[in-house]
Amino acid sequence: MKQSRFFPWIGFIFGAIYFLVPLIATFEFSLRMQRGTYSFKAYQVVLADPGFQASFSYSALIALLTIIVGIALVVPTAYLVQLKLPKLRPVVEFMTLLPLVVPAIVIVFGYLRMYNSSSWLPLTGSARSTDLLLVFAYVTLSLPYMYRSVDTALRTVDIRTLTEAAQSLGSSWPRILIQVILPNIRVGVLSGAFLTFAIVIGEFTIASLLNRPAFGPYMQLIGANRAYEPAALAVIAFAITWACMGLIQLVASFSPGQKR
Amino acid sequence: MSITALPATAARERRITWSWLGILPFILFSLMFLLLPAANLIVGAFQDASGNFTLQNIVNLGQPSIIRSYTLSLQISAASALGGVLIGFALALATILGGLPRWVRPTLMTFSGVASQFAGVPLAFAFLATLGRTGLVTALLFSIFDINIYRGGFNLLSFWGLTITYLYFQIPLMVLVVSPALDGLKREWREAAAILGATGWQYWTMIALPILWPSLLGAFLLLFANAFGAIATAYALTGSSFNIVTILLYAQIRGDALHDPNLGYALALGMIVITGVSNGAYIWLASRSARWIR
Amino acid sequence: MAFLSIERITKTFGATTTVKGVDLAVERGEFVTLLGPSGCGKTTILRMVAGFETPSSGTIRIDGKDVTDLKPHQRKIGMVFQAYALFPNMTVADNIAFGLKVARKNGAEIASRVKEMLELIKLPQVAERYPYQLSGGQQQRVALARALAIKPQILLLDEPLSALDAKIRVSLRDEIRAVQRQLGITTIFVTHDQEEALSMSDRVCVMSEGRIEQLGTPFEIYNYPKTRFVASFVGTLNILSGRVSDGAEGRIVVDGQEIVTSRGLNGASTGDALAVALRPEALSIGRANGSSNNLEGTIDEVHFLGSVVRIRVRFKESAVSLDTFNRPNAAPPERGQPITVNFGREDILVLEGAPN
């Protein structure tokens, strides 16, 4: 059937403009720090700021911890639900989707009420334990994405056969999970990990309300006080998000032994 | 028979118990960091300062400033969700079914993946640089077309400004969510309809849209919740001056802006109820409109 | 003039030409099958008749009227797709009624036509069910009813049985043919399954690489294949390589044993390499006298297939398969036994082209 491609093209071009113009504008703005000429001054100022370095490395570390805790929590759960406890699937899926429904600010408000310094479990009592709470909050936040990536990956490999084969060779449960299942679903796990990183690295609300020196609150602070540096920060943040998404595509295409 | 059956059953029971033990961490985690904190707030919403049961907090939600902030949040969420659904759907339609060259689709998908996550503080900076008072587009519109959008009443720190900003992640999110549903439309349905005498319009209204309806509804809901819970973008744009409910709640958590901690819990409860009700409505509508799904 | 006439149509997609100047005339009420391997152009021809593809050149006429550039919904054609083409959001009755609804027929007429169609396909009890509640075979019967409800001029069937279980495939085959005879509707059927093609059709059109290899009744196609492609695609064929020992008398040596064809080998000179084909059912066990050919060999393999026992006999280089009926009171022959097979001179099909 012949059809006109005029409107599809118009739609695509409109979409491209809508997406690109703010990026171009931001980039252009970030170069305007020195009067009358374009320069990378704003980037130099931002990158040289000790506050930037400290908050960024703090957030990167928290993101890393979030990914580790998230994988440790999600992989065995998704595996067992698919293999042994299919009846629990609706319950588990409901829980993993809940963070998309309950706003992050409400969740962290709940933490502050439940784990304040005078509660039964005073997680906000010290800096280290608040960091822990922040990691748990971020695990909750990334749960929908992590669970879905892992669950999809588990569906594409025949985990029942893999498990039974490993069992017949005498593997223990932890060994099966770490040495057999995990390598086979690494694409899904890595996708979830990079997505988690992209979400967590610039997160503002939870970090700010838990009073942690993270990258998100730092950016907000700069935004409130400076003119050109925020644009530079936005470009950097966009580049990080882009890198994470690029890495997801990369691991998906460079995955030996997995068809697709 | 019964002698051999016994150990087998016992072994199976033991294995099931082990499986349960395996997902115990997840259950515990969900309880401690998802369900109980939310439940805790709900309980707090029905208590007074000394912990006695009361409905006064719920009644106090009726004060005009709180009602205003809920209304504004609902309006922005609904508008940006509706806009995101319509534009994102059109965009996905154009790229997936529009017969465009092959490279278009992966490009759009990658870009959507990035843009849908590009929210929060950096997004606010980007739109300030674009549509702020000294933004590039603002300046270009003024120098080329002699249009001063700010004199024309536009403000980035307004309902329209925030809606447009939110659309930057809402549209790509819609593209990502709806693409699998569009892929699920089989070519045979379109061809069968055509050969039975249906026009393109009849195919869309009688077959494609009814089939897509639950997906579209679900996408709208997801986008709505996404915007409703968002705060960072608005906060970075405006500081605490813009009266949406998340910013009000943020101010309450930071400094008891309402001068009543339990009213803060009621405010959070209101948000849970709104997202909960919209979810319930979705489940009800989808189950009614899609009896043909298993 | 033929009811459906396809005249010199060609279809080019980018750099590849999938249909190369095909002519085909189908009479009113006739059941014609396009048979060939995937990629041979049969589906493209069907889709051009339906109007989903426009021919790069050539003309398609239905009942004398040029429809080449008409849109699908203007052609009044019924079509059944491979599978899963029922609208999932509609009940069976709504599916069947769809074509009548978009044609704005009145309610009473639609209702009676739907009822009539459901009885035609012998599924009156499923009217209010959704497609997912039906078996694959039932879905395809409903798809047939939906296609026929609009009283189309032509019925197109695009491998409608290929997604079904073997048993249902056979029974549905007969049902489709019965309905087609009952309505006398001109039908084009596309398949890659030669058994379907032979059992259902008035005429079979064997296609390869965008061209028609042979068009004829199932009997002609099977017994007198014109080309090596047709011979090998239709039915199971034993191919023997040999050398001509006497062209005029049609003598050929295969693995040191001589066989004789009923027709001479025109133009072949002694020593030429050549391939001949034998159908399994042309071969019998034992030595035959008179003009029949005999070949001695050993039993290589025995496959017990139920009513039929397929035996593979090896000579030196070549081997043939032949079928014998199962006899409950006689055990099948064993591997390694010496055996003689015989076949008539007229059963030898001399193939064009060099043997490989």
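1. In chain C of this predicted model, strand S19 (residues 338-343) and S15(C) run antiparallel and are joined by two bridges. Within this pairing, C:Ile285 has C:Val341 in S19(C) as its bridge partner.

2. The pair belongs to an open sheet of five strands in chain C, whose order is S15-S19-S16-S17-S18 and whose pairing is antiparallel. Strand S15 (284-285) and strand S18 (319-325) of chain C are the edge strands, since each of them pairs on one side only.

3. Turning to chain B, the domain assignment gives domain 1 as residues 1-35 and domain 2 as residues 46-289. The C-alpha centres of domain 1 of chain B and domain 2 of chain B are 41 Å apart.

4. A residue of chain B that may deserve a look in the viewer is B:Ser80, which is placed in helix H3 (residues 64-97) of that chain. B:Ser80 counts as buried because its relative accessibility is 0%, where the cut-off for buried is under 20%.

5. Which residues does B:Ser80 touch, not counting those up to four places away in sequence? They are B:Thr163, B:Tyr166, B:Leu167, B:Gln170 and B:Ala227. With one of these, B:Gln170, the side chain of B:Ser80 also makes a polar contact of 3.1 Å, side chain to side chain. The buried B:Ser80 is thus a residue whose polar contact with B:Gln170 can be checked directly in the structure above.

Key. Residues numbered from 1 in each chain as written. Chains lettered and ligands numbered in written order. Predicted model: local features only at pLDDT ≥ 70, side-chain atom pairs only at ≥ 80, totals over all residues. Heavy atoms only, no water. Domains from an automatic or database assignment. Helix = DSSP H or I, 4+ residues; strand = E, 2+ residues; numbered from the N terminus. Buried < 20%, exposed > 50% of the residue type's maximum accessible area, 1.4 Å probe, protein only. Polar contact = N/O pair within 3.5 Å; in protein donor to acceptor, adjacent residues only side chain to side chain. Contact = heavy atoms within 4.5 Å. Pairing = 2+ DSSP bridges.
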